[in-house]
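Hi,

Here is the structure I promised to pass on. My notes on the ligand site and the charged pairs follow below it.

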Amino acid sequence: MTDSSRRRPRVSIEGVGRQYDSPQGVVQALEGVSFGVEAGEFVCIVGQSGSGKTTLFRIIAGLEDATSGTVYLGGDPVEGPGPNLGLVFQEYHLFPWRTVAGNVGFGLEKQGVDHEEQERRVRELLELVGLDGFADSYPRDLSGGMKQRVALARALAVDPELLLMDEPFGAVDAQTKRMLQNELLDIWSETGKTILFVTHDVEEAVKLADRVVVMATDPGRVREIVEIETERPRSRSDTSFGEYYERIMKLIRA
Ligand code: ADP
Ligand code: MG
(Lines give C-alpha, C1' and ligand atoms only; values in the text may rest on other atoms or scores of the structure.)
(Ligands and ions follow the chains in the order given, each with its own letter.)
Protein backbone atom coordinates (compact mmCIF):
# COMPACT_ATOMS: atom_id res chain seq x y z
CA MET A 1 0.00 0.00 0.00
CA THR A 2 1.40 3.40 -0.95
CA ASP A 3 1.33 6.37 1.37
CA SER A 4 -1.18 8.17 -0.80
CA SER A 5 -3.65 5.29 -0.74
CA ARG A 6 -3.25 5.04 3.00
CA ARG A 7 -4.07 8.69 3.43
CA ARG A 8 -7.05 8.66 1.07
CA PRO A 9 -10.18 8.16 3.16
CA ARG A 10 -11.93 4.92 2.32
CA VAL A 11 -15.12 6.32 3.80
CA SER A 12 -15.98 9.97 3.82
CA ILE A 13 -19.12 11.15 5.61
CA GLU A 14 -19.92 14.72 4.67
CA GLY A 15 -22.59 16.77 6.41
CA VAL A 16 -24.98 13.85 6.80
CA GLY A 17 -28.40 14.60 8.28
CA ARG A 18 -31.49 12.46 8.61
CA GLN A 19 -34.99 13.39 9.71
CA TYR A 20 -37.89 11.12 10.49
CA ASP A 21 -41.52 12.11 10.73
CA SER A 22 -43.14 10.53 13.73
CA PRO A 23 -46.52 11.03 15.40
CA GLN A 24 -44.72 13.23 17.97
CA GLY A 25 -43.32 15.43 15.21
CA VAL A 26 -40.04 15.55 13.32
CA VAL A 27 -37.15 13.57 14.80
CA GLN A 28 -33.68 14.81 13.89
CA ALA A 29 -31.91 11.45 14.06
CA LEU A 30 -28.67 12.90 12.61
CA GLU A 31 -27.44 16.42 11.96
CA GLY A 32 -24.27 17.60 10.25
CA VAL A 33 -22.29 14.39 10.74
CA SER A 34 -18.87 14.57 9.10
CA PHE A 35 -15.79 12.39 9.49
CA GLY A 36 -13.52 10.18 7.43
CA VAL A 37 -12.26 6.62 7.87
CA GLU A 38 -8.88 5.76 6.35
CA ALA A 39 -8.20 2.54 4.49
CA GLY A 40 -7.30 -0.15 7.01
CA GLU A 41 -8.49 1.87 9.98
CA PHE A 42 -10.62 0.49 12.83
CA VAL A 43 -13.13 3.13 13.89
CA CYS A 44 -15.76 2.70 16.61
CA ILE A 45 -18.90 4.81 16.91
CA VAL A 46 -20.23 5.12 20.45
CA GLY A 47 -23.16 6.98 21.93
CA GLN A 48 -26.27 6.55 24.01
CA SER A 49 -29.30 4.79 22.66
CA GLY A 50 -31.05 7.14 20.23
CA SER A 51 -27.92 9.05 19.18
CA GLY A 52 -28.32 7.92 15.59
CA LYS A 53 -25.69 5.17 15.43
CA THR A 54 -27.88 2.68 13.59
CA THR A 55 -29.26 5.38 11.31
CA LEU A 56 -25.71 6.32 10.34
CA PHE A 57 -24.79 2.66 9.84
CA ARG A 58 -27.77 2.17 7.53
CA ILE A 59 -26.98 5.30 5.52
CA ILE A 60 -23.33 4.26 5.04
CA ALA A 61 -24.55 0.81 3.98
CA GLY A 62 -26.92 2.37 1.45
CA LEU A 63 -29.93 0.81 3.18
CA GLU A 64 -31.38 4.22 3.89
CA ASP A 65 -31.11 7.70 2.33
CA ALA A 66 -29.74 10.74 4.10
CA THR A 67 -31.99 13.81 4.04
CA SER A 68 -28.88 15.95 3.65
CA GLY A 69 -25.20 15.37 2.96
CA THR A 70 -23.42 12.49 1.25
CA VAL A 71 -21.40 9.38 2.12
CA TYR A 72 -18.53 8.47 -0.22
CA LEU A 73 -16.94 5.03 -0.38
CA GLY A 74 -13.57 5.12 -2.12
CA GLY A 75 -14.58 8.42 -3.70
CA ASP A 76 -18.00 7.36 -5.02
CA PRO A 77 -21.26 8.52 -3.47
CA VAL A 78 -23.30 5.74 -1.87
CA GLU A 79 -26.58 5.44 -3.73
CA GLY A 80 -27.76 2.02 -2.59
CA PRO A 81 -26.45 -1.26 -1.17
CA GLY A 82 -23.13 -2.11 -2.82
CA PRO A 83 -21.01 -5.26 -3.08
CA ASN A 84 -17.96 -3.67 -1.50
CA LEU A 85 -19.39 -3.92 1.98
CA GLY A 86 -19.65 -6.62 4.59
CA LEU A 87 -22.52 -6.07 7.01
CA VAL A 88 -22.89 -7.59 10.46
CA PHE A 89 -25.97 -6.77 12.53
CA GLN A 90 -26.73 -7.34 16.19
CA GLU A 91 -29.49 -9.81 15.33
CA TYR A 92 -27.49 -12.28 13.28
CA HIS A 93 -29.84 -12.28 10.25
CA LEU A 94 -28.77 -15.81 9.28
CA PHE A 95 -30.86 -17.88 6.87
CA PRO A 96 -32.39 -20.52 9.18
CA TRP A 97 -32.98 -22.98 6.33
CA ARG A 98 -29.36 -22.92 5.20
CA THR A 99 -26.45 -24.73 6.83
CA VAL A 100 -23.50 -22.80 8.22
CA ALA A 101 -21.63 -23.39 4.95
CA GLY A 102 -24.73 -22.35 3.00
CA ASN A 103 -24.94 -19.11 4.95
CA VAL A 104 -21.26 -18.28 4.55
CA GLY A 105 -21.33 -19.16 0.85
CA PHE A 106 -24.43 -17.10 0.07
CA GLY A 107 -22.63 -14.07 -1.38
CA LEU A 108 -20.25 -16.23 -3.42
CA GLU A 109 -23.22 -18.12 -4.88
CA LYS A 110 -24.85 -14.84 -5.87
CA GLN A 111 -21.60 -13.77 -7.55
CA GLY A 112 -21.61 -17.01 -9.54
CA VAL A 113 -18.33 -18.27 -8.10
CA ASP A 114 -17.85 -21.91 -9.17
CA HIS A 115 -18.69 -24.65 -6.76
CA GLU A 116 -15.20 -25.87 -5.93
CA GLU A 117 -13.91 -22.36 -5.33
CA GLN A 118 -16.93 -21.69 -3.11
CA GLU A 119 -16.21 -24.74 -1.01
CA ARG A 120 -12.55 -23.86 -0.69
CA ARG A 121 -13.33 -20.30 0.35
CA VAL A 122 -16.04 -21.33 2.84
CA ARG A 123 -13.65 -23.83 4.46
CA GLU A 124 -11.01 -21.11 4.77
CA LEU A 125 -13.46 -18.66 6.31
CA LEU A 126 -14.85 -21.15 8.81
CA GLU A 127 -11.30 -21.82 9.92
CA LEU A 128 -10.64 -18.08 10.21
CA VAL A 129 -13.61 -17.61 12.57
CA GLY A 130 -12.96 -20.81 14.52
CA LEU A 131 -15.90 -22.83 13.19
CA ASP A 132 -14.24 -25.64 11.26
CA GLY A 133 -16.29 -28.75 11.86
CA PHE A 134 -19.61 -26.86 11.85
CA ALA A 135 -20.12 -26.52 8.08
CA ASP A 136 -23.18 -28.80 8.08
CA SER A 137 -24.83 -27.47 11.24
CA TYR A 138 -27.90 -25.25 11.15
CA PRO A 139 -28.15 -21.84 12.87
CA ARG A 140 -30.70 -23.22 15.38
CA ASP A 141 -28.01 -25.56 16.73
CA LEU A 142 -25.52 -22.78 17.43
CA SER A 143 -24.96 -20.48 20.41
CA GLY A 144 -25.22 -16.69 19.99
CA GLY A 145 -21.45 -16.33 19.78
CA MET A 146 -21.22 -19.01 17.09
CA LYS A 147 -24.02 -17.44 15.09
CA GLN A 148 -22.17 -14.15 15.16
CA ARG A 149 -19.03 -15.94 13.92
CA VAL A 150 -21.09 -17.27 10.99
CA ALA A 151 -22.38 -13.76 10.29
CA LEU A 152 -18.82 -12.44 10.32
CA ALA A 153 -17.59 -15.19 7.98
CA ARG A 154 -20.50 -14.49 5.65
CA ALA A 155 -19.66 -10.77 5.63
CA LEU A 156 -16.01 -11.54 4.83
CA ALA A 157 -16.82 -14.06 2.11
CA VAL A 158 -16.99 -11.64 -0.80
CA ASP A 159 -13.78 -9.97 0.40
CA PRO A 160 -15.28 -6.51 0.96
CA GLU A 161 -12.96 -3.59 1.59
CA LEU A 162 -15.14 -2.29 4.38
CA LEU A 163 -16.76 -4.15 7.24
CA LEU A 164 -19.69 -2.37 8.83
CA MET A 165 -20.80 -3.78 12.16
CA ASP A 166 -23.74 -2.59 14.29
CA GLU A 167 -23.44 -3.77 17.92
CA PRO A 168 -22.38 -7.21 16.67
CA PHE A 169 -21.48 -8.52 20.13
CA GLY A 170 -24.36 -6.85 21.96
CA ALA A 171 -26.30 -10.06 22.46
CA VAL A 172 -23.58 -12.44 23.68
CA ASP A 173 -22.31 -13.04 27.21
CA ALA A 174 -19.29 -11.12 28.54
CA GLN A 175 -16.75 -13.91 28.17
CA THR A 176 -17.78 -14.78 24.62
CA LYS A 177 -17.76 -11.11 23.81
CA ARG A 178 -14.11 -10.77 24.87
CA MET A 179 -13.18 -13.81 22.77
CA LEU A 180 -14.97 -12.43 19.72
CA GLN A 181 -13.29 -9.05 20.18
CA ASN A 182 -9.86 -10.69 20.21
CA GLU A 183 -10.72 -12.77 17.16
CA LEU A 184 -11.96 -9.71 15.30
CA LEU A 185 -8.69 -7.90 16.07
CA ASP A 186 -6.75 -10.91 14.75
CA ILE A 187 -8.86 -11.01 11.59
CA TRP A 188 -8.43 -7.27 11.14
CA SER A 189 -4.64 -7.49 11.33
CA GLU A 190 -4.59 -10.57 9.07
CA THR A 191 -6.84 -9.10 6.39
CA GLY A 192 -6.18 -5.34 6.63
CA LYS A 193 -9.89 -4.58 6.28
CA THR A 194 -11.33 -1.19 7.10
CA ILE A 195 -13.75 -1.61 9.99
CA LEU A 196 -16.51 0.70 11.16
CA PHE A 197 -17.96 -0.71 14.34
CA VAL A 198 -20.98 0.65 16.22
CA THR A 199 -21.30 -0.08 19.93
CA HIS A 200 -22.76 1.48 23.05
CA ASP A 201 -20.08 -0.31 25.09
CA VAL A 202 -17.29 2.20 25.77
CA GLU A 203 -14.93 -0.46 27.09
CA GLU A 204 -15.32 -2.36 23.83
CA ALA A 205 -14.55 0.78 21.82
CA VAL A 206 -11.40 1.58 23.81
CA LYS A 207 -10.21 -2.00 23.41
CA LEU A 208 -10.75 -2.15 19.65
CA ALA A 209 -10.51 1.22 17.95
CA ASP A 210 -7.86 3.39 16.40
CA ARG A 211 -10.34 6.24 16.81
CA VAL A 212 -13.64 6.52 18.64
CA VAL A 213 -16.38 8.74 17.25
CA VAL A 214 -18.48 9.87 20.21
CA MET A 215 -22.06 10.73 19.30
CA ALA A 216 -24.41 13.07 21.16
CA THR A 217 -28.20 12.79 21.25
CA ASP A 218 -31.05 14.98 20.06
CA PRO A 219 -30.06 15.76 17.44
CA GLY A 220 -27.72 12.83 16.76
CA ARG A 221 -24.33 14.41 16.01
CA VAL A 222 -20.61 13.95 16.51
CA ARG A 223 -19.53 15.27 19.90
CA GLU A 224 -15.84 14.49 19.57
CA ILE A 225 -13.45 12.05 17.95
CA VAL A 226 -10.94 10.46 20.32
CA GLU A 227 -7.77 8.82 19.05
CA ILE A 228 -6.71 5.80 21.12
CA GLU A 229 -2.94 5.69 21.10
CA THR A 230 -2.42 2.73 23.44
CA GLU A 231 -0.56 -0.21 21.84
CA ARG A 232 -2.53 -3.40 21.27
CA PRO A 233 -3.26 -5.79 22.85
CA ARG A 234 -4.88 -3.44 25.35
CA SER A 235 -5.83 -4.39 28.84
CA ARG A 236 -8.47 -2.89 31.06
CA SER A 237 -5.82 -2.67 33.78
CA ASP A 238 -3.61 -0.28 31.75
CA THR A 239 -3.68 3.22 33.20
CA SER A 240 -4.28 4.76 29.79
CA PHE A 241 -7.24 2.40 29.22
CA GLY A 242 -9.00 3.78 32.28
CA GLU A 243 -8.22 7.33 31.26
CA TYR A 244 -9.70 6.90 27.78
CA TYR A 245 -12.70 5.14 29.26
CA GLU A 246 -13.41 7.97 31.71
CA ARG A 247 -12.89 10.64 29.10
CA ILE A 248 -15.31 9.04 26.65
CA MET A 249 -17.91 8.33 29.36
CA LYS A 250 -17.76 12.00 30.33
CA LEU A 251 -18.27 13.05 26.70
CA ILE A 252 -21.27 10.73 26.36
CA ARG A 253 -22.89 12.02 29.55
CA ALA A 254 -22.18 15.70 28.81
P1 ADP B 1 -29.08 4.34 18.07
O2 ADP B 1 -28.73 3.26 17.12
O3 ADP B 1 -27.93 5.22 18.44
O4 ADP B 1 -29.78 3.84 19.29
P5 ADP B 1 -31.06 5.14 16.05
O6 ADP B 1 -30.30 5.48 14.84
O7 ADP B 1 -31.70 3.81 16.09
O8 ADP B 1 -30.12 5.35 17.35
O9 ADP B 1 -32.18 6.23 16.31
C10 ADP B 1 -31.93 7.63 16.31
C11 ADP B 1 -33.24 8.38 16.48
O12 ADP B 1 -34.02 8.25 15.29
C13 ADP B 1 -34.11 7.88 17.61
O14 ADP B 1 -34.78 8.98 18.17
C15 ADP B 1 -35.10 6.96 16.92
O16 ADP B 1 -36.30 6.89 17.61
C17 ADP B 1 -35.27 7.66 15.57
N18 ADP B 1 -35.59 6.71 14.49
C19 ADP B 1 -34.77 5.75 13.99
N20 ADP B 1 -35.36 5.08 12.98
C21 ADP B 1 -36.60 5.65 12.83
C22 ADP B 1 -37.71 5.40 11.95
N23 ADP B 1 -37.65 4.45 11.01
N24 ADP B 1 -38.82 6.19 12.09
C25 ADP B 1 -38.88 7.15 13.04
N26 ADP B 1 -37.87 7.43 13.88
C27 ADP B 1 -36.74 6.69 13.80
MG1 MG C 1 -28.76 1.14 17.25
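Predicted model: local features only at pLDDT ≥ 70, side-chain atom pairs only at ≥ 80, totals over all residues.

The largest share of the shell around ligand 1 comes from α2, which gives three residues. Both α2 (53-60) and β2 (25-38) supply at least two residues of that shell; helices (H or I, at least four residues) and strands (E, at least two) are DSSP runs, numbered from the N terminus. The residues around the ligand are Tyr20, Val27, Ala29, Gln48, Ser49, Gly50, Ser51, Gly52, Lys53, Thr54 and Thr55, where a residue is near a molecule if one of its heavy atoms lies within 4 Å of it. By type they divide into three nonpolar, seven polar and one charged.

Residues are numbered from 1 along each chain as its sequence is written, chains are lettered from A and ligands numbered from 1 in the order in which they are written, and side-chain values use heavy atoms, with hydrogens and water left out.

Now the polar contacts (pairs of N or O atoms within 3.5 Å; within protein, one must be able to donate a hydrogen and the other to accept it, and residues adjacent in sequence count only if both atoms are side-chain atoms). A polar side-chain atom of Thr55 sits 2.5 Å from an oxygen atom of ligand 1, and one of Lys53 is 2.8 Å from a ligand oxygen. Gly50 takes part through its backbone, with a polar atom 2.7 Å from an oxygen of ligand 1. Taken alone, the ligand exposes 560 Å², and the protein buries 60% of that (Shrake-Rupley method, 1.4 Å probe; for residues, only the protein chains shown count as cover).

What does the side chain of Asp166 contact at 2.8 Å? The partner is the side chain of Thr54, in a polar contact. Asp166 lies in strand β7 (residues 162-166). Asp166 is buried yet has no salt bridge, and the nearest side chain of opposite charge, Lys53, is 6.9 Å away. Here buried means under 20% relative accessible area, exposed over 50%, and partly exposed in between (1.4 Å probe, protein chains only). For charge, Lys and Arg count as positive and Asp and Glu as negative; His and the chain ends are not counted.

On to the salt bridges (a side-chain nitrogen of Lys or Arg within 4 Å of a carboxyl oxygen of Asp or Glu): the count comes to 14. One of them joins Glu41 and Arg211 at 2.6 Å, N to O. Glu41 is in the loop between β2 and β3 (42-46) and Arg211 in strand β9 (residues 211-216), so this pair ties together parts that are 170 residues apart in sequence. Glu41 is buried at 10% relative accessible area, and Arg211 is buried at 19%.

Within helix α5 (residues 115-128), Glu124 and Arg120 lie four residues apart, about one turn of the helix. Their side chains meet in a salt bridge of 2.6 Å, N to O. Glu124 counts as partly exposed at 37%, as does Arg120 at 36%.

Happy to talk any of this through.

Best wishes

Methods: Nonpolar A, V, L, I, M, F, W, Y, C, P; charged D, E, K, R; others polar.
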